[in-house]
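The sequence and structure come first.

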Amino acid sequence: MMAQYLALKAEAEDCLLFYRMGDFFELFFDDARTAAQVLDIALTSRGEHQGVPIPMCGVPVHSAEGYLARLIKAGCRVAIAEQVETPEEAKKRGGSKALVARDIVRFVTAGTLTEEALLEPRRANVLAALCEVRGTIGLAACDISTGRMELEECSADRMGAALARLGASEVVVPEGWSDAPLEAIVRPSRDFGSDGGEARLKAAHGVATLDGFGTFSRAMLAAAGGLIGYLEHVGRGKLPLLLPPVAREGQAHLAMDEATRASLEILVSSQGTRRGSLIEAVDRCVTGAGARLLAEDLSAPLTDVTAIEARLALVQWLHDNALLRGDLRTVLRALPDVGRALGRVVAGRGSPRDLGQLRDGLGEARRIHDHLRGQADRPALLDALLPHLTGHGALTDLFSRALVPAPPTERGQGGFIAEGYDHALDELRRISGDARRAIAALEAKYRDQTGIAALKIRHNGVLGYFVEVPARHADALMAPDSGFTHRQTMAGAVRFNALALHEEASRIAEAGGHALAAEEAHFEELVGHAIKARHAIAATAEALARLDVACGQAERAAEGGWCRPQVVEDSRLEIEGGRHPVVETALAAKGERFVANDCRLSPQDRLWLVGGPNMGGKSTFLRQNALIVLLAQAGGFVPAARATVGLTDRLFSRVGASDNLARGRSTFMVEMVETAAILAQASERSFVILDEVGRGTSTYDGLALAWAVVEAVHGVNKCRCLFATHYHELSRLAESCDALSLHHVRAREWQGDLVLLHELAEGPADRSYGLAVAKLAGVPAPVVARASAVLQRLEKGRAETGGLAAGLGDLPLFAAAIEHKEEVVDTLRERLNALDVDALSPRDALDLLYELKREAGKLP
């Protein structure tokens with residue numbers, strides 16, 4: 001057995017091997033140690049290998065899913081080795097001592113889950129493959145639980161943003177790629193060939209050309225090859241549900257890098273959970289599929305005004321029809337997850353319950369279609385969705401006739417095919433039922449015959465049906481002429497067989513076996529019908545999800561008084577009464593009111609410097625405007641009284657930072673890396689929020705960096721930007737930067753206490769109120785008093801010297817400063833060019849050389 005195990009373990013490589021032994025999956029050696037620690041189960045030993053006891057642990061087969069979920073969550077990958085023949089077949093093949101053959105039937109990994117118990121209902125489970133083809137990054141992504149597959153390409157500097165958008169559970173890359181993401185799964189490079197990828201896509205969809213699906217680059221096809229190759233590997237040659245690939249345009253979605261997504265807390269809060277995130281504050285979907293689609297919308301907002309307006313029009317229509325919206329949400333709430341049920345069925349892991357979910361979901365989709373078709377003034381997007389909600393009449397009728405109203409999750413015991421669908425099956429069930437009634441009659445007969453009232457007829461998987469009596473009554477049945485045959489003696493009971501019981505048991509077994517075989521054949525037939533209609537069913541599931549998202553957005557807008565944004569092609573950003581959705585929700589839970597603020601950016605006033613005290617609301621103001629842009633381009637209403645959003649190509653947020661010890665970066669280094677990315681990539685169509693740039697270093701360095709960054713954003717990037725700062729000296733930039741204006745969050749001191757008003761006002765901040773905030777935070781009074789004395793001395797010195805920014809107003813602007821630096825170097829060149837070298841004595845030449853080096857700053 002160990003030889004068989006070790007051969008399978010070599011095939012499983014770095015995966016934990018679940019080795020099937022009867023009713024348990026067993027793990028050995030290091031796999032057992034790892035599993036025992038993660039699962040908190042007992043670690044035992046079994047026999048010896050090379051003179052050393054073999055560590056061992058196991059989990060029951062019937063509850064393996066729960067253990068798998070914990071292992072996958074802990075970052076493990078698992079190979080499932082099942083028995084692929086029965087003990088009887090093994091004996092026939094190799095004699096009484098033959099080992100039952102086993103083989104790895106499947107790899108269970110984070111990105112290839114389909115089981116309902118292992119997936120989060122409201123979160124997509126994405127598997128991605130990356131590769132590089134001639135300097136271009138190809139990316140293929142799919143959620144095999146629903147079959148959705150997308151292909152795209154991007155430049156190397158956008159790879160991080162693309163991965164951050166996907167939030168993939170697992171990433172696959174070719175071996176030997178130096179720029180591969182950390183913790184990616186390495187696969188053979190031969191799987192990532194563009195020709196092989198094209199061939200695999202054609203084979204997966206049974207087509208001779210991919211032209212009907214769209215146009216795909218070589219990089220996209222290479223990534224698709226790696227993705228499908230990995231799926232074939234983990235599925236042992238069997239592919240899951242894969243819908244036709246969709247080419248994603250790189251410029252069709254608002255780009256956001258990983259740092260921006262983290263600081264805006266779009267899908268996950270800073271604590272790493274959904275609680276406190278944007279999606280938690282926005283999500284009012286009543287189905288898991290709708291919640292997954294909403295997450296995708298928020299992760300990849302659109303950059304096409306027509307598509308955005310189509311989504312907004314549907315939300316507006318549902319917003320204005322409250323009764324219709326309520327009825328539709330009630331129906332949607334009761335719907336099963338059609339997309340994931342289909343994924344399990346196509347992957348070969350479906351159950352009768354999954355078929356029942358397809359029947360129920362498709363039937364309700366038709367009802368929704370019929371109801372919505374009769375509504376007036378339907379928006380264009382709804383008219384585009386309606387055809388996908390129907391067309392399954394024959395399939396739902398077949399499933400309704402074939403399946404019981406509530407099919408079971410397991411098909412091994414039968415009982416899921418409805419009575420009347422197959423008359424032969426009904427007859428087998430009748431025979432089996434009659435035999436069971438006959439056994440009940442036999443039990444009564446044997447009690448009368450023996451006079452033993454405690455006699456019972458029981459059943460188990462080893463003995464089948466048997467007669468059981470208490471041990472004190474066993475002697476009467478042991479007699480040769482009793483008609484009973486002794487089978488087994490227990491501690492307090494004795495078991496017997498009888499001829500009549502054996503005959504009835506044979507009838508039950510034969511009829512039951514035939515019935516189970518008939519039901520299994522029907523199940524496979526019904527699965528075949530579902531697979532044949534998989535593309536249409538998937539389209540229905542997607543249409544239902546889009547309806548749920550629109551209903552949820554309308555419900556959220558009605559609940560919070562949100563408005564429909566106007567999305568325009570120019571670079572305006574005009575928001576009246578804007579609010580932060582997450583903060584407003586948190587304040588409302590405490591019975592407090594959020595203070596709304598306006599924001600008006602235009603080509604003539606595109607950069608706002610925002611000052612004011614800590615805790616005054618600067619960061620909240622910055623974030624809320626970025627989130628309003630994101631929500632608007634995702635096609636939803638926004639938390640504001642009115643909003644006009646100029647189309648944005650990229651969104652950047654540098655708000656807060658923390659150490660990245662894994663990459664050896666301090667907080668300040670992380671801040672500078674993020675700021676560098678903004679300065680390198682932001683265009684005139686971008687929207688940038690920057691908070692406290694330069695605060696992680698010395699005052700002079702920080703002010704110098706903040707000054708230069710503001711000038712660069714204003715004069716080079718020329719994007720819309722909100723810049724929060726405590727450096728009052730930056731207000732002087734308003735004199736030289738014509739598209740920059742000064743603003744501050746208001747605060748007042750009253751009887752020695754700081755009152756934060758959270759209101760934005762025009763003009764520079766008069767002070768930072770840092771000591772007042774320290775007092776609010778509980779800093780001891782003597783420390784605050786000492787700080788006040790130090791502050792007075794510093795301010796006196798600043799007044800006498802002109803302050804930190806003395807002389808900065810005389811500096812040339814950003815572009816001119818670069819030219820000025822070149823001129824300083826040219827001064828040395830000019831002096832050298834003017835020299836008459838032949839007229840210099842050796843001593844004069846040496847003195848001149850020292851003088852030039854001192855001028856260049858190389859000598860004291």
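## The β7-β8 hairpin

In this predicted model, strands β7 and β8 form a hairpin with two residues between them. The turn includes R134, whose phi is positive, at about 55 degrees. β7 covers residues 127-133 and pairs with β8 in the antiparallel sense, over seven bridges. Within this pairing, C131 stands opposite G138 of β8.

T136 stands opposite S155 of β9. The hairpin of β8 and β9 has four residues between the strands, and G147 there takes a positive phi near 90 degrees.

How much of strand β8 is buried? Of its eight residues, 136-143, seven are buried, so the strand is largely enclosed by the rest of the structure. Buried here stands for a relative accessible area under 20%.

## The six-stranded sheet

An open sheet is formed by six strands in the order β3-β4-β2-β1-β5-β6, with mixed pairing. Its edge strands are β3 (44-49) and β6, each of which pairs on one side only. Neighbouring strands of the sheet are turned against each other by 35 degrees on average, direction ignored.

At one end of the strand order, β5 and β6 pair in the antiparallel sense over six bridges. There A79 stands opposite F107 of β6. Helix α1, residues 2-12, lies across β1 (16-21), β2 (24-28), β3, β4 (52-60), β5 and β6. The helix runs at about 30 degrees to β6.

## The second largest pocket

The second largest pocket has a volume of about 1200 Å³. Its lining consists of 35 residues, and those nearest the centre are E65, R106, E115, R349 and E410. By class, 13 of the lining residues are nonpolar, ten are polar and twelve are charged.

Which elements each supply at least two residues of this lining? They are the helices α3 (64-73) and α14 (352-373) together with the strands β5 (78-83) and β6 (102-108). α3 gives the most, with four residues.

Key. Residues numbered from 1 in each chain as written. Predicted model: local features only at pLDDT ≥ 70, side-chain atom pairs only at ≥ 80, totals over all residues. Heavy atoms only, no water. Buried < 20%, exposed > 50% of the residue type's maximum accessible area, 1.4 Å probe, protein only. Pairing = 2+ DSSP bridges. 1 Å grid on protein atoms, 1.4 Å probe; cavity = no way out; pocket = protein on both sides within 12 Å on 5 of 7 lines; lining within 4 Å. Points joined across faces, edges and corners; volume = space filled by probe spheres on them. Nonpolar A, V, L, I, M, F, W, Y, C, P; charged D, E, K, R; others polar. Axes fitted to C-alpha atoms, helices over the stretch in contact; angles between N-to-C directions. Contact = heavy atoms within 4.5 Å.
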